[in-house]
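Colleague: I have the model open. Can you walk me through a few parts of it?

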Amino acid sequence: MPLSVHSLTINSKRLEKRIADLAQIGKIGETGVCRLALSKEDRAAVDTVKRWMEEAGMTAYVDHFGNLIGRLEGENPAAPVLMMGSHIDSQPYGGRFDGTIGVLGAIEVIHTMVERQITPHIPIEVIAFCDEEGCRFNKGLFGSRGILGKLEQGELERTDKDGITRAQALLDFGCDPDKLQDCVYPEEKIASYLELHIEQGPVLESLDSPIGIVTGISGPLWLTVEMNGFAGHAGSVPMPMRKDALLAAAKVIAKLNDIASQDPGAPTVGTVGNIEVFPNSRNIIPERVAFTVDLRDIDIERRHRYEKELRQAIEDIAGECGVTYSIREDTNSEPRYCAEPIMDIMRQESSAMDVKAPELMSGPFHDALALSYVCDYGMIFVRCKDGISHNPKEFSTYEDISLGTELLYRTALRLSQNPN
């Protein structure tokens with residue numbers, strides 16, 4: 001029989017309470033959450049989670065990227081750290097569990113170790129990374145890329161829908177954008193990284209498995225496409241004479257769907273999640289339309305091929321509709337595979353727990369994607385109902401979350417006691 005809640009090493013009731021309490025910050029409706037990165041809700045959440053880190057026995061602080069970092073010292077303080085974490089910022093119409101269980105689960109791991117008087121051989125750090133979601137400034141993984149020195153030119157000048165720059169948002173959050181370099185981790189300072197996360201998909205539920213072991217993360221490509229036509233009166237410009245930017249955008253969006261769907265057996269996904277129309281009046285032909293493209297695949301060669309098809313389609317459609325266009329690349333990451341030695345530990349420990357833990361890919365990206373470029377990483381997925389995420393209906397049972405946290409605890413214990 002699998003471990004019951006009563007036979008777990010971790011304190012499931014404490015974990016459940018913290019998840020429920022954090023869900024009250026930025027709460028929308030009965031079960032939803034809106035905690036945009038660097039907002040006042042995000043700051044309140046960071047302050048709350050910082051207190052829990054300290055209660056668990058860690059020292060904690062907020063760096064200038066807006067990351068909340070807790071540290072449990074090891075027997076060898078100078079050794080590269082075992083890092084665990086995720087994020088506590090949310091989508092504007094998000095749920096209670098996305099990111100949150102990875103941070104609060106990691107805190108529970110540390111709290112359990114301290115209560116059991118276990119001192120790790122190497123230091124352990126738990127991080128709630130700033131702006132994983134990327135919805136406010138249209139560029140995610142900010143905090144995790146930041147500590148690795150991987151930010152791109154112009155990221156601090158990016159603005160949200162209200163015209164607030166990321167630099168100003170950081171200042172308002174209590175950070176100093178001029179001191180970001182001071183917060184970059186030295187090379188080889190991170191030994192390995194672990195992340196617990198809800199699956200955000202239907203696979204585990206279809207297999208009737210509470211948790212799963214992640215084998216890798218699909219590579220996301222984010223583009224911003226702008227189509228430029230010519231505004232005119234909706235009632236007087238004949239259809240053949242129009243340069244309708246929204247019509248061109250609509251055709252491109254439909255073509256993206258065709259491209260991403262052409263191989264029904266492939267895990268390719270393509271999405272347009274944001275669109276802006278100017279001048280946005282019912283009786284004016286749209287002059288300018290900007291929209292986002294999110295294209296993901298575990299097979300990088302196929303994704304490259306589909307991107308080429310999309311770019312050709314944009315050019316053809318622009319010519320057909322008499323508009324011009326521009327394409328800006330916002331994110332481009334190759335698929336990244338989990339470390340086999342960490343996966344082996346997870347296999348062994350889930351077996352010892354008598355829990356079936358299938359192995360599966362991650363379509364969504366996570367902070368682990370950024371960390372994968374500097375250290376070995378492993379991820380644990382927790383089953384979520386109907387595969388729903390980025391939605392207030394997002395739901396995982398506390399029993400499943402506790403099992404995932406128990407596996408995280410057992411994996412972290414072995415990695416921190418025997419890092420080699």
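Modeller: Start with strand β9 (residues 219-228): eight of its 10 residues are buried, so the rest of the structure largely encloses β9. Buried means under 20% relative accessible area with a 1.4 Å probe, protein chains only. Strands are DSSP runs of E, at least two residues, and helices are runs of H or I, at least four, numbered from the N terminus. This is a predicted model: local features need pLDDT of at least 70, side-chain atom pairs count only at pLDDT 80 or more, and totals for chains, interfaces and linings use all residues. Residues are numbered from 1 along each chain as its sequence is written, and side-chain values use heavy atoms, leaving out hydrogens and water.

Colleague: How many bridges join β9 to β12?

Modeller: 10, and β9 runs antiparallel to β12 (residues 288-297). Pairing takes at least two DSSP bridges between two strands. Leu223 is opposite Val293 of β12.

Colleague: And which residue in β13 is the bridge partner of Val225?

Modeller: Ile327. β13 (residues 324-332) pairs with β9 over eight bridges, also antiparallel.

Colleague: Switching to helices. Which residues of α5 are buried?

Modeller: In α5 (residues 166-173), they are Arg166, Ala167, Ala169, Leu170 and Phe173. They line one face of the helix, because they fall within an arc of 160° seen down the α5 axis, taking directions from the axis to the C-beta atoms.

Colleague: What covers them?

Modeller: The cover includes α2 (40-55), β3 (59-62) and α4 (142-146), with contact meaning heavy atoms within 4.5 Å.

Colleague: What comes just after α5?

Modeller: Gly174, with a positive phi of about 100°.

Definitions and conventions:
Buried means under 20% relative accessible area, exposed over 50%, partly exposed in between (1.4 Å probe, protein chains only).
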